[in-house]
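Let's take a walk through a protein model and see who sits next to whom. Have a look at the sequence and the structure first, then read on.

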Amino acid sequence: MEFEKEEKDINKMKEQQENTNENIEPKDEILNEFEEENKQLKERIAELESQLKEIQNAARLIKATFENYKMDSERQLKEVSKNTALRILRTLIPVIDDFKRAFAYFEKSGDLEEFYNGTRKIFDKFTKILENEGLKRIETDGKFDPFNHEAMEREERDDVEEYTILEVLEDGYMYNGQVIKPAKVKVAIKPKKVESDGKETQ
């Protein structure tokens, strides 16, 4: 009888152990799944951190490259401006020499007509140099253009169209297509009509 009792106790203990193992196994599976997910998250975080570092390094490189490009561009622009100024000055120095020779000739000869002809040639030479550098005189033939002309005077005329340019008071100039000084002109306007009661109308 005692043997049977002991056998029952052993079987009971085995059942309890099996039940305990059954309860533990699901917990182990959950823990393993959690550890696997945690591992994957850590790997993903490490991957994103690596990508972020690459982006930051690329941004620093782009910024440094742009700063260098900006400095190089400014330096090149200054160099170009300096070289352009030197080139223009070299072309103008002979004009100064021509004026000196013309003045010296006039002081010796007193020939006003020859002096005028000589200075006129120097003036033409000077304007040609400026034209070669991109400076152009604004055309003033035809009608008034508010983008290129400035109306300084108005004159009533009925023999020409309104806003026809009658006289150029000062030449205007543009540089490479951009107006740097509008031409100052006199333009025609319609005469005012006088009614029978003496009132003026346009």
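Let's start with charges: Glu153, Glu155, Arg157, Asp159, Glu167 and Lys186 are joined in a network of salt bridges. A salt bridge here is a side-chain nitrogen of Lys or Arg within 4 Å of a carboxyl oxygen of Asp or Glu. Side chains of opposite charge can pair when their charged atoms come close.

Before we go further, a word on what you're looking at. This is a predicted model, in which local features need pLDDT of at least 70 and side-chain atom pairs count only at pLDDT 80 or more, while totals for chains, interfaces and linings use all residues. Residues are numbered from 1 along each chain as its sequence is written, and side-chain values use heavy atoms, with hydrogens and water left out.

**Salt bridges**

How many salt bridges does a search of the whole structure find? It turns up 15. Here are some of them, with the distance from N to O.

| Residue pair | N to O distance |
|---|---|
| Aspartate 124 and arginine 120 | 3.8 Å |
| Lysine 143 and glutamate 161 | 3.7 Å |
| Arginine 157 and glutamate 155 | 3.4 Å |

To say how open each partner is, we use relative accessible area: buried means under 20%, exposed over 50%, and partly exposed in between (1.4 Å probe, protein chains only). Arginine 157 counts as partly exposed at 25%, and glutamate 155 is partly exposed too, at 28%.

Now for lysine 143 and glutamate 161, whose closest N and O atoms are 3.7 Å apart. Lysine 143 sits in the loop between β1 (135–137) and β2, and glutamate 161 in the loop between β2 and β3, so this pair ties together parts that are 18 residues apart in sequence. Lysine 143 is partly exposed at 45% relative accessibility, whereas glutamate 161, at 53%, counts as exposed. By the way, those element names come from DSSP runs: helices (H or I, at least four residues) and strands (E, at least two), numbered from the N terminus.

**Along helix α2**

Aspartate 124 and arginine 120 are 4 residues apart in helix α2, so about one helical turn separates them. Both count as partly exposed: aspartate 124 has 36% relative accessibility, and arginine 120 has 43%.

Is threonine 119 buried or exposed? Threonine 119 is buried, because its relative accessible area is 17%. You'll find threonine 119 in helix α2, which covers residues 112–132. A polar atom of the threonine 119 side chain lies 2.9 Å from the backbone oxygen of tyrosine 116.

**Rings that meet**

What about aromatic rings? The whole structure has 3 aromatic pairs. Rings of Phe, Tyr and Trp (its six-membered ring) pair if their centres lie within 6.5 Å; planes under 30 degrees apart count as stacked, over 60 as edge-to-face, and the rest as tilted.

Phenylalanine 103 and phenylalanine 115 make a tilted pair, with 5.8 Å from centre to centre and 35° between the planes. This pair links distant parts of the chain: phenylalanine 103 belongs to helix α1 (residues 2–109) and phenylalanine 115 to helix α2, 12 residues apart. Phenylalanine 115 is buried at 17% relative accessibility, while phenylalanine 103 is partly exposed at 44%.

Phenylalanine 115 also pairs with phenylalanine 106, again tilted, at 4.8 Å centre to centre and 40° between the planes. Phenylalanine 106 is partly exposed, with a relative accessible area of 29%. Put together, ring pairs link Phe99, Phe103, Phe106 and Phe115 into a cluster.

**The sheet**

Which strands build the open sheet, and in what order? There are 3 strands, running β2-β6-β3, and their pairing is mixed. Two strands pair if DSSP finds at least two bridges between them. The edges are β2 (149–156) and β3 (165–170), each of which pairs on one side only.

β3 pairs with strand β6 (residues 183–189) in the antiparallel sense over 4 bridges.

Tyrosine 163 has a phi near 70°, a positive value in a residue other than glycine. Tyrosine 163 lies in the loop between β2 and β3 and is partly exposed, at 43% relative accessible area.

Asparagine 176 has a positive phi as well, near 50°. Its loop runs between β4 (173–175) and β5 (178–181), and asparagine 176 counts as exposed at 58% relative accessibility.

Note on methods
Polar contact = N/O pair within 3.5 Å; in protein donor to acceptor, adjacent residues only side chain to side chain.
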